Amino acid sequence: MQYRTNPKNGEKISALAFGCMRFNKDEKEVERQIRYAMEQGVNYFDTAYIYPNSEATLGRILAKDGMRQKVNIATKLPHNNVRKYGDLDRIFGTQLERLQTDHIDYYLIHMLGNVRSWKRLTELGIEKWIDEKKTSGTIRNLGFSFHGPQNEFLALLEEYDWDFCMIQYNYCDENNQAGTAGLERAGEKGIPVMIMEPLRGGTLANPKTSIRAIWEQADVKRSPAEWGFRWVLNHPQVLTVLSGMNQMGQIEENVRTFSDAEAGSLTEVELEVYAKVKAEIQRSMKVPCTGCGYCMPCPKGVDIPSSFSALNDAASRGRIMSKAMYIMTTGGNSASQCIKCGKCQTHCPQSIPIPEKLEQVKKELEGITYKPMRYFIRRFFGV
């Protein structure tokens with residue numbers, strides 16, 4: 001197992017992190033998988049308050065045989081459930097009880113998508129609460145997970161002295177959400193970055209035939225999943241990469257991958273293979289948008305790159321998940337706000353008929369369910 005050093009505290013964190021959102025339904029099998037992962041060197045386990053039964057299951061397993069002392073637990077605060085100062089202790093206390101522990105090693109504000117949400121928490125006194133928890137040792141490191149537009153991520157980095165952060169990042173999302181610019185800015189500030197969605201919810205691990213053929217024709221024989229992980233691990237700013245493993249075969253393959261995948265190790269020939277894959281993905285997209293952002297800002301506030309990313313995701317993620325990501329990443333700046341002024345189109349290097357494609361986004365991702373979903377997501381996630 002490769003380990004990377006946290007620049008903030010000097011800790012050695014396994015490059016492979018165990019994502020606990022999609023646990024196997026058989027708890028005995030989950031325990032077998034966790035024990036095996038630990039034996040292979042995995043020392044970072046990521047869960048959340050809102051993952052069904054995840055914290056409690058992880059807590060019961062790690063309470064055995066002194067396992068808790070050998071790993072780092074990361075879990076998350078559902079910030080929109082915090083309506084008053086006392087809610088912080090109420091939620092956190094529940095998490096400690098579920099996890100059967102007296103401290104959380106890496107505590108994240110879950111899906112903190114904009115500065116406005118952070119300001120609301122500071123007005124409730126969260127900074128005082130964090131200071132108290134860190135002084136007592138019940139929270140060792142404080143960070144946030146992010147789904148949202150890049151400008152909000154860059155602004156959030158400046159709002160607090162974060163110990164770490166977590167972003168979605170993969171070879172298709174270099175320009176989406178926090179993107180490469182966000183990753184590099186965090187690195188410049190010495191903030192370690194945890195990576196989620198390295199395989200885009202598994203879609204990059206199970207590509208269509210034309211993309212799989214490119215991987216198979218490469219000189220180096222790897223599964224699409226291994227190719228995906230190695231691309232993320234090639235970046236030195238990355239501290240650890242989450243994988244939602246729930247089958248022993250996945251864990252075994254990932255352990256092999258993460259045993260020698262080092263930052264900066266990909267060759268020019270390998271990077272050319274990624275370029276071919278990305279070109280094929282781009283060719284098959286509903287909108288050939290690269291996320292460059294030249295079309296922005298929109299006079300009416302439409303987040304054009306995020307809108308097109310959600311539309312392209314619809315075929316692989318499914319309509320409901322794509323609608324949710326559309327709402328979260330655009331922050332409500334929806335395609336329906338477009339007035340077809342055409343300003344964006346004059347700046348697009350891909351010559352995309354942007355107003356026309358935004359109309360397609362509106363048709364496929366809004367409709368009668370859009371407003372109820374937007375209300376729900378704003379109510380529970382603060383975006």
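Predicted model: local features only at pLDDT ≥ 70, side-chain atom pairs only at ≥ 80, totals over all residues.
Figure 1. Cys 165 belongs to no disulfide, and the nearest cysteine sulfur, that of Cys 20, lies 20 Å away. Cys 165 counts as buried because its relative accessibility is 0%. Cys 298 has its closest cysteine sulfur in Cys 341, at 6.2 Å, which is too far for a bond. A disulfide here would need the two sulfur atoms within 2.5 Å. Cys 298 is also buried, with a relative accessible area of 17%.

**Figure 2. The crossing of helices α1 and α2.** Helix α1 covers residues 27–39, and helix α2 covers residues 54–62. Their axes come within 10 Å and cross at roughly 60°. The crossing of α1 and α2 is right-handed. On the α1 side, Glu 27, Val 30, Glu 31, Ile 34 and Met 38 make the contact. On the α2 side, the contact residues are Thr 57, Leu 58, Arg 60, Ile 61 and Leu 62. By class, this contact of α1 with α2 has 6 nonpolar, 1 polar and 3 charged residues.

**Figure 3. Helix α2 against helix α3.** The axes of α2 and α3 are 6 Å apart, and the helices pack at an angle of about 40°. The two helices are therefore oblique to each other. From α2, the contact takes in Glu 55, Ala 56, Leu 58 and Gly 59. From α3, it takes in Gln 95, Arg 98 and Leu 99. The residues of the contact of α2 with α3 divide into 3 nonpolar, 2 polar and 2 charged.

**Figure 4. Helix α3 against helix α5.** Helix α3 spans residues 85–99, and helix α5 spans residues 126–136. They pack at an angle of about 40°, with axes 9 Å apart. That angle makes α3 oblique to α5. The crossing of α3 and α5 is right-handed. Tyr 85, Leu 88, Asp 89 and Phe 92 are the α3 residues of the contact. They meet Ile 126, Lys 128, Trp 129, Glu 132 and Lys 133 of α5. By class, the contact of α3 with α5 has 5 nonpolar, no polar and 4 charged residues.

Figure 5. Gln 100 is found in the loop between α3 and β6. Its phi is near 50°, a positive value in a residue other than glycine. Most residues other than glycine have a negative phi. Gln 100 is partly exposed, with a relative accessible area of 45%.

**Figure 6. His 110 and Met 111 between β6 and α4.** Strand β6 covers 104–109 and helix α4 covers 115–124, and His 110 sits in the loop between them. Met 111 is found in the loop between β6 and α4 too. His 110 is buried, with a relative accessible area of 8%. Not counting residues up to four places away in sequence, His 110 touches Ala 48, Ile 50, Tyr 51, Lys 76, Leu 77, Pro 78, His 79 and Ser 145. Met 111 has a positive phi of about 50°, although it is not a glycine. Met 111 is buried, with a relative accessible area of 10%.

**Figure 7. Phe 146 in strand β7.** Phe 146 lies in strand β7, residues 139–146. It is buried, with a relative accessible area of 0%. Leaving out residues up to four places away in sequence, its contacts include Leu 112, Gly 113, Glu 152, Phe 153, Leu 156 and Met 166. Ile 167, Gln 168, Gln 177, Ala 178 and Met 196 are also among them. Phe 146 and Met 196 are 50 residues apart along the chain, yet their C-alpha atoms are separated by 9.6 Å.

**Figure 8. The buried residues of helix α10.** Helix α10 runs over residues 248–257. Its buried residues are Met 248, Ile 251, Asn 254, Val 255 and Thr 257. They pack against two strands, β3 (16–19) and β10 (238–243). They also pack against the helices α1 (27–39) and α9 (224–233).

**Figure 9. A cis peptide bond at Pro 297.** Met 296 and Pro 297 are joined by a cis peptide bond, with omega about 0°. Most peptide bonds are trans. Pro 297 has its place in the loop between α11 (268–283) and α12 (304–317).

Notes. Residues numbered from 1 in each chain as written. Heavy atoms only, no water. Axes fitted to C-alpha atoms, helices over the stretch in contact; angles between N-to-C directions. Helix = DSSP H or I, 4+ residues; strand = E, 2+ residues; numbered from the N terminus. Parallel < 35°, antiparallel > 145°, perpendicular 65-115°, else oblique. Left-handed = near helix turned anticlockwise from the far one by under 90°. Contact = heavy atoms within 4.5 Å. Nonpolar A, V, L, I, M, F, W, Y, C, P; charged D, E, K, R; others polar. Buried < 20%, exposed > 50% of the residue type's maximum accessible area, 1.4 Å probe, protein only.
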